[in-house]
Amino acid sequence: MEVFPQADEMFEGFLEGGGWEEEAFFFYFFARKQGLLRVCTNFAVLPSATLDRETLVGRNYDWAYSDLPYCESRVVAVDGALKFVSYTHHWIGHPDCLNEAGLFVAISSLPAIETREPGVQWNILVDAVASTCRTVSEAVALLSRINHLRSITYLVADPYDAAAVEAGPQGVHVRKPTDGIVIATNHVVRESDSSDRSLHSSARYERADDRLNAKVPGVTESDVTSVLRDPVCTIRDGKRFLHPLDHVP
């Protein structure tokens, strides 16, 4: 595979160890165009905006409770690739990773865009970034030269830089930090969308932005965890935006 050559051996191991039928395996994990639009809030704060002059990242990845039995922490070590750690619910691929070079990558889903064009699935790309890239610039370059199957924001951060790469079948748009902060939720920041899900995403984005900017240039780890503990139901202009999983017991 051109994007991530080391993946061939890893996928063969999953096929053998999991007892998968090859066609079903590749269709399910690499060809699906639709996914669940959940409630993610990811952000990076650069050294210029933190008290200890170190990059801080925050990661909230909401998902279906039914997948809890499959959640696990992993250390992934493939010959010829950078090692990384991850927490995942996914059989193949990882929604967030931190590699041995200090590069962090996490995803948040965007509203789906229909396409008939071929593209690379998000779970291959997250592993490719974690396994082959040492810096944000390298990660942005990789994500920018790929045809994407699904609409995803990839938040990438290293000790000195960060970016939110909004990618999908329509192309790639890179957002750089403003005043040392870059945030990714579940909407395309540069576009207007009046759907309830995008309004909820915008409210979370603005809430995180307000709370973090109030602490600049002295953002601490405690501030990051405080933002991540913020209630998932947001009040904005008198309207309550419900967490999509509120109905799940």
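A residue is called buried when its relative accessible area is under 20%, exposed when that area is over 50%, and partly exposed in between, with a 1.4 Å probe and protein chains only. At 1% relative accessibility, Thr50 therefore counts as buried. The structure is a predicted model, in which local features need pLDDT of at least 70, side-chain atom pairs count only at pLDDT 80 or more, and totals for chains, interfaces and linings use all residues. Residues are numbered from 1 along each chain as its sequence is written, and side-chain values use heavy atoms, with hydrogens and water left out.

Thr50 is found in the loop that connects β1 (40-45) to β2 (56-61). Strands here are DSSP runs of E of at least two residues, helices are runs of H or I of at least four residues, and both are numbered from the N terminus. Leaving aside residues up to four places away in sequence, Thr50 touches Val45, Leu56, Pro217, Gly218 and Val219; a contact means heavy atoms within 4.5 Å.

Two strands pair if DSSP finds at least two bridges between them. Between β1 and β2 there are 6 bridges; Cys40 has Tyr61 as its bridge partner in β2, and Asn42 stands opposite Arg59. Between β1 and β10 there are 4 bridges, and Ala44 is partnered by Val182.

Strand β1 deserves a separate look. In a regular strand the side chains alternate between the two faces of the sheet. In β1, Cys40, Asn42 and Ala44 point one way, Thr41, Phe43 and Val45 point the other way, and all are buried. Because 6 of the 6 residues of β1 are buried, the strand is largely enclosed by the rest of the structure.

Another helix, α4 (residues 136-144), has Val136, Ala139, Val140, Leu142 and Leu143 as its buried residues. Seen down the helix axis, these residues fall within an arc of 165 degrees, so they line one face of α4; the arc is that of the directions from the helix axis to the C-beta atoms. The buried residues of α4 pack against α3 (122-132), β7 (152-157), β8 (162-168) and β9 (171-175).
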